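Please look over the sequence and the 3D structure shown here before reading on.

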Amino acid sequence: MSEIIIATKNKGKAEEFKKMFASLGYEVKTLHDYPDMPDVEETGTTFEENAVLKAEEISRLMNRPVIADDSGLSIDALEGRPGIFSARYAGEEKNDEANIDKVLEEMKHIPEEKRDARFYCALAVAIPGKKTYTVSGTCEGKILYARKGTNGFGYDPIFWANAKNKAMAELTSEEKAAISHRGHALKQLEKDLPTIL
Ligand SMILES: O=P(O)(O)OP(=O)(O)OP(=O)(O)OC[C@H]1O[C@@H](n2cnc3c(O)ncnc32)[C@H](O)[C@@H]1O
Ligand SMILES: [Mg+2]
């Protein structure tokens with residue numbers, strides 16, 4: 001099986017990528033398999049810029065093709081927050097539960113019709129000697145008033161996925177991949193995989 005490296009230290013993302021790529025016949029390695037790789041600083045102002053920073057730095061260090069994912073949740077009533085700061089919304093330690101609590105608190109008086117939000121995922125593909133490129137995907141939904149479901153990771157328990165009429169954390173991994181921002185972004189890469197790997 002061909003191997004692809006995803007420059008992530010996020011366990012939830014790593015699990016999703018492993019399953020999605022396995023169904024395409026590829027084996028995923030992440031930075032959990034290469035613990036000496038550094039944390040790349042996400043200094044960009046967009047998801048795309050941050051995905052490119054992560055993919056290019058790890059590709060340069062490994063001298064191999066590398067894909068990186070930068071993603072997050074954008075809430076209309078919060079003017080797009082947490083956005084590119086989704087991982088660290090409630091503090092540097094990147095705590096999913098604290099991040100959810102902060103969003104629930106900020107959204108507690110916002111009425112049903114003003115709770116629209118979307119997940120965004122930018123994937124960057126860095127190949128030594130070639131120009132890095134990006135693809136992206138979104139997933140439309142609403143912010144719930146409380147947690148629902150136990151699957152997935154990050155903000156999934158408070159995100160109502162319009163496409164499935166269920167909370168994201170109620171979906172199986174296959175159901176989520178079919179409608180998610182990450183699934184939509186990956187769809188656009190599928191045809192390129194033989195040249196990336
Ligand atoms: O940079 P890497 O190492 O990949 O890991 P990270 O956790 O820092 O990842 P990001 O910088 O891309 O931040 C993304 C955050 O957005 C949230 N997020 C992204 N995709 C999500 C999904 O499918 N479901 C729920 N939350 C998601 C989640 O809280 C992540 O921590
Ligand atoms: Mg990050």
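The paragraphs below go through a ligand, a helix and a few single residues.

This is a predicted model, in which local features need pLDDT of at least 70 and side-chain atom pairs count only at pLDDT 80 or more, while totals for chains, interfaces and linings use all residues. Residues are numbered from 1 along each chain as its sequence is written, chains are lettered from A and ligands numbered from 1 in the order in which they are written, and side-chain values use heavy atoms, with hydrogens and water left out.

Start with ligand 1. It is surrounded by 22 residues, and the closest are Thr8, Lys13, Lys54, Asp156 and Lys176; a residue counts as near a molecule or strand if one of its heavy atoms lies within 4 Å of it. Strand E3 (66-75) and helix H5 (181-189) each supply at least two residues of this shell, and E3 gives the most, with four residues. Helices (H or I, at least four residues) and strands (E, at least two) are DSSP runs, numbered from the N terminus.

For an N or O atom in the side chain of Thr8, the distance to an oxygen atom of ligand 1 is 2.6 Å. For Lys94 the corresponding distance is 2.8 Å, and a polar side-chain atom of Lys176 lies 2.7 Å from a ligand oxygen. Taken alone, ligand 1 exposes 610 Å², of which the protein buries 95%. These areas come from the Shrake-Rupley method with a 1.4 Å probe; for residues, only the protein chains shown count as cover.

Thr8 itself is placed in the loop between strand E1 (2-6) and helix H1 (11-22). Is this residue buried or exposed? Thr8 is buried, because its relative accessible area is 4%, where buried means under 20%, exposed over 50% and partly exposed in between (1.4 Å probe, protein chains only). Its side chain also reaches the backbone nitrogen of Asn10 at 3.0 Å. Not counting residues up to four places away in sequence, Thr8 touches Lys13, Ala14, Thr30, Leu31 and His32, contact being heavy atoms within 4.5 Å.

Leu123 is found in strand E4. This residue is buried, because its relative accessible area is 0%. Beyond its neighbours within four places in sequence, Leu123 has contacts that include Ala185, Leu186 and Leu189, along with Phe17 and Ile67. Ala169, 46 residues from Leu123 in sequence, is 22 Å away in space, C-alpha to C-alpha.

Pro128 lies in the loop between strand E4 (116-126) and strand E5 (133-143). With a relative accessible area of 36%, Pro128 is partly exposed. Leaving aside neighbours within four places in sequence, Pro128 is in contact with Ser59, Asn63, Arg64 and Pro65.

Asn99 is buried, because its relative accessible area is 2%. Outside the four places on either side in sequence, its contacts include Ser86, Arg88 and Tyr155.

Notes. Polar contact = N/O pair within 3.5 Å; in protein donor to acceptor, adjacent residues only side chain to side chain.
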